[in-house]
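Here are some notes to read alongside the model, written for someone opening it for the first time. Keep the viewer open as you go.

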Amino acid sequence: MSEMTYLEAISDGLRTEMRRDESVFCLGEDIGAFGGAFKVTAGFQEEFGADRVLDTPLAENLIIGAAVGAAVEGMRPVCEMQFADFIACGFDQLVNVAAKLHYRQGVAVPMVVRLPSGGGFSGGPFHSQNPEAWFLQAPGLKVVAPATAADAKGLLVSAIRDPNPVMFLEHKHLYRRERGEVPDDDHTVPIGEAHVVREGEEMTILAYGSTVSLAQQAVEELGEDVEIVDLRTLCPLDRGTVLASARKTGKVLVAHEATRSCGVGAELSALIAEEAFEDLDAPVRRLTAPDVPIPFSPPLEQRVLPGLEDMKEVARELLAY
Amino acid sequence: MATRIQEGLTAREIAPQTRSEHLTRDDRALLLRYMMLMRGSEERALTLYRQGKVPGSFYDGRGQEAISAGSAYVLAPRDRMCILHRDLAAHFVRGVTPDRYLANYMGRAGGVTGGRDGNMHFGDRRLGCVGMVSMLPDMAEVATGIALAFKMRREPRVAMTYFGEGSTANGQWHEAMNFAGIHRLPVVFVLENNKFAYSTPNELEFAIDPVRRAEGYGFPGVEVDGNDVEAVFEAARVAADRAREGGGPTLIECHTMRMHGHGAHDDMSYVPPEMLEEWERRDPIDAYAARLVAREGFGQDEIEALRESVRTQVEECAQRALESPLPDPDTALDGVFADEFEPLGDGQAPWSRWAAS
């Protein structure tokens, strides 16, 4: 075990897999000589060479499309979107080619798309988005969103070894703030398994990515007996763990930084309403960003992104219901 | 993967009626056969469509048979293809049989995709093909990625793909060409200029012929008569050899004419009739058959025997396709995700060069 940041854990996972398997390679904008906009691949080109840490032109459809081609030929590409927002420019290759190839043609596409996502640093409308719900409407894509350093490494290694396209949402706010003990060398976290971070009886908070630590802090400050489930994977969803927790506590708050309508919170609310209605003691609540673009100026952005006080307020209301 | 801009590369034309020195008599007979098989299979499929046995719509490549037959014919077993919707002969060259093509059109379990996707949206992965999508020219980027894998592993292999001139207007086309040029990837881009993107004529698609853009990407652009199967073969052979030897991509523009509508629902009212009449006189199958008789010592009876043999094969295949069951509806939810990675298989490679090697 070594203590490292969330960002270092991502680098460690990627480096471990590149050392283990020659078919693993990275491609993206400014990831080579520069080491990536967030330095996830700093030093990689020195160790693995320019072929395996490939600086691409500014062309996201090409990054995804070329990764599809390399993947079907037996390589294991790991694409970096410089910011998750830019996947919009590569969306056609992602949803029309990568996601559907196995269903249509029986062709497996083992590739990973790393997506530095999330706001909180005045990135503005094009460097702050949480695009996970876009992918959930494209059957054939797996979607993971780690909240801790150990899960960031373990899920990335699992994503690289998975024979499907996996969208890896890495939250920028966690990069250097989140740190923890991370197993050395080979470490995997199964895709599709949620993790009960904290057991409790009065209420469940379903969270992922940046809202997991927010939930932990809120619960600590509230001093209530609240269960926190870190979803870790958004597709395929761990329905069993979600429903078991909902049935156990009877009150559920779903918290995410992405916008509200048709988001993960909407999906989970529907799932719980359909499958666990009889066990509920209160309506399912959502804590999300409202349906607006993420604004640039700090007071505007702070108004939009769900924060600690928002979390405590909704939790208090739900506990009192 | 250093960038190197080549000098003096401009679009050039391969002389019409080119005779390839790399084909045997059997090769020539096979080239004609693959073109006839495409024509016969598509005619049969159109009949099935008109009989209401094909759900959805119908697309063919009538008049363009020389392009897919002549270009796919150069490939070795371990080369890979992304074949498009007017390139049926390429599937046949690589080993797909007409029954599986016809069954695919009818949405049957015996089709290449087993009913998962329709019409020409297929590619047999066991024969080294990745099936196309409707968005054009997406497969140019996928083929580029396949070529990237070959280059990274230092394998002397080639990726080949097709697109119409309509695709050259889309930004993804540029992304693919640019990247292939930067890294000198072993990919052959076959551009089929069939004069219309659905109903939009060349003059509303581009100001300057897209083959000229190749120079800007740092690789050769070659123009050929797309209705001359040996000219296409020669251009593809030179391009594939060059790619295999590390020389990078080639853009081959094949001039041809789409003799049917974009789909069977399209009455082509926007096409001047004299244009179709002119290109009908240049039919690639009739022209090649006449040439084999006039210059290659084929007897008219041989040509007729070939035609008859193809007719019989197509009819047998149609019967097999019609006997193929519809897919079990209970399988509709299967296979969204792969449980494991399976590599692509190798394609058939009928060119005598590969049999000899």
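The points below go from the contact between chains down to single residues.

1. A word before you start: this is a predicted model. Read everything below as computed from that model.

2. Start where the two chains meet. Chain A brings 33 residues to the contact and chain B brings 38. On the chain A side, α3 (60-72), α4 (91-98) and α5 (101-105) each supply at least two of the residues that touch chain B. Which of the helices gives the largest share of that side? It is α3(A), with 9 residues. By class, the side of chain A that touches chain B has 18 nonpolar, 11 polar and 4 charged residues.

3. Now stay inside chain A. The chain is divided into domain 1, residues 2-182, and domain 2, residues 195-320. Their C-alpha centres are 26 Å apart. The two domains of chain A do touch: 26 residues of domain 1 are in contact with 22 residues of domain 2. On the domain 1 side, α6 (132-136), β6 (142-144), α7 (149-161) and β7 (165-171) of chain A each put in at least two residues. That side of domain 1 of chain A splits into 12 nonpolar, 10 polar and 4 charged residues.

4. Next, a helix pair in chain A. Have a look at α9(A) and α10(A), which pack at an angle of about 65° with their axes 10 Å apart. The crossing of α9(A) past α10(A) is right-handed. From α9(A), the contact uses Arg239(A), Val242(A), Leu243(A) and Ala246(A), and these meet Leu268(A), Leu271(A), Ile272(A) and Glu275(A) of α10(A). Sorted by class, the residues of this contact are 6 nonpolar, no polar and 2 charged.

5. While you're at α10(A), pick out Val264(A), which is found in this helix, residues 264-275 of chain A. Is Val264(A) buried or exposed? Val264(A) is buried, because 27 other C-beta atoms lie within 10 Å, and 20 or more is the cut-off for that label. Leaving aside residues up to four places away in sequence, Val264(A) touches Glu132(A), Ala133(A), Leu234(A), His256(A) and Ala258(A). Arg286(A) is another residue to check against Val264(A): the two are 22 residues apart in sequence and 9.7 Å apart in space, C-alpha to C-alpha.

6. Over in chain B, there is another helix pair to compare by eye. Helix α1 (residues 25-50) and helix α4 (residues 98-105) of chain B pack at an angle of about 30°, and their axes are 10 Å apart. That angle is why α1(B) counts as roughly parallel to α4(B), since angles under 35 degrees get that label. Here α1(B) passes α4(B) in a right-handed crossing.

7. Then some backbone details. Most residues other than glycine have a negative phi, and most peptide bonds are trans, so exceptions deserve a look. Where are the cis bonds to check? In chain A, the peptide bond from Cys235(A) to Pro236(A) is cis, with omega near -5°. Pro236(A) sits in the loop between β12 (233-235) and α9 (239-249) of chain A. In chain B, a cis peptide bond joins Leu136(B) to Pro137(B), with omega about 5°. Pro137(B) lies in the loop between α4 and α5 (138-152) of chain B.

8. Last, positive phi values. Lys39(A) is not a glycine, yet its phi is near 70°. You'll find Lys39(A) in the loop between β2 (24-28) and α2 (44-48) of chain A. With 14 other C-beta atoms within 10 Å, Lys39(A) is partly exposed. Met268(B) is not a glycine either, and its phi is positive at about 55°. Its place is the loop between β8 (250-255) and α9 (273-280) of chain B. Met268(B) counts as partly exposed because it has 16 C-beta neighbours inside 10 Å.

How values were computed
Residues are numbered from 1 along each chain as its sequence is written. Chains are lettered from A and ligands numbered from 1 in the order in which they are written. This is a predicted model: local features need pLDDT of at least 70, side-chain atom pairs count only at pLDDT 80 or more; totals for chains, interfaces and linings use all residues. Two residues are in contact if their C-beta atoms, placed from the backbone, lie within 7 Å. Helices (H or I, at least four residues) and strands (E, at least two) are DSSP runs, numbered from the N terminus. Ala, Val, Leu, Ile, Met, Phe, Trp, Tyr, Cys and Pro count as nonpolar, Asp, Glu, Lys and Arg as charged, and the others, Gly among them, as polar. Domain bounds come from an automatic or database domain assignment. Axes are lines fitted to C-alpha atoms, for helices over the stretch in contact, and angles run from 0 to 180 degrees between N-to-C directions. Angles under 35 degrees count as roughly parallel, over 145 as roughly antiparallel, 65 to 115 as roughly perpendicular and the rest as oblique. A crossing is left-handed if the near helix is turned anticlockwise from the far one by less than a right angle, and right-handed if clockwise. A residue is buried if 20 or more other C-beta atoms lie within 10 Å of its own, exposed if 12 or fewer, and partly exposed in between; C-beta atoms are placed from the backbone.
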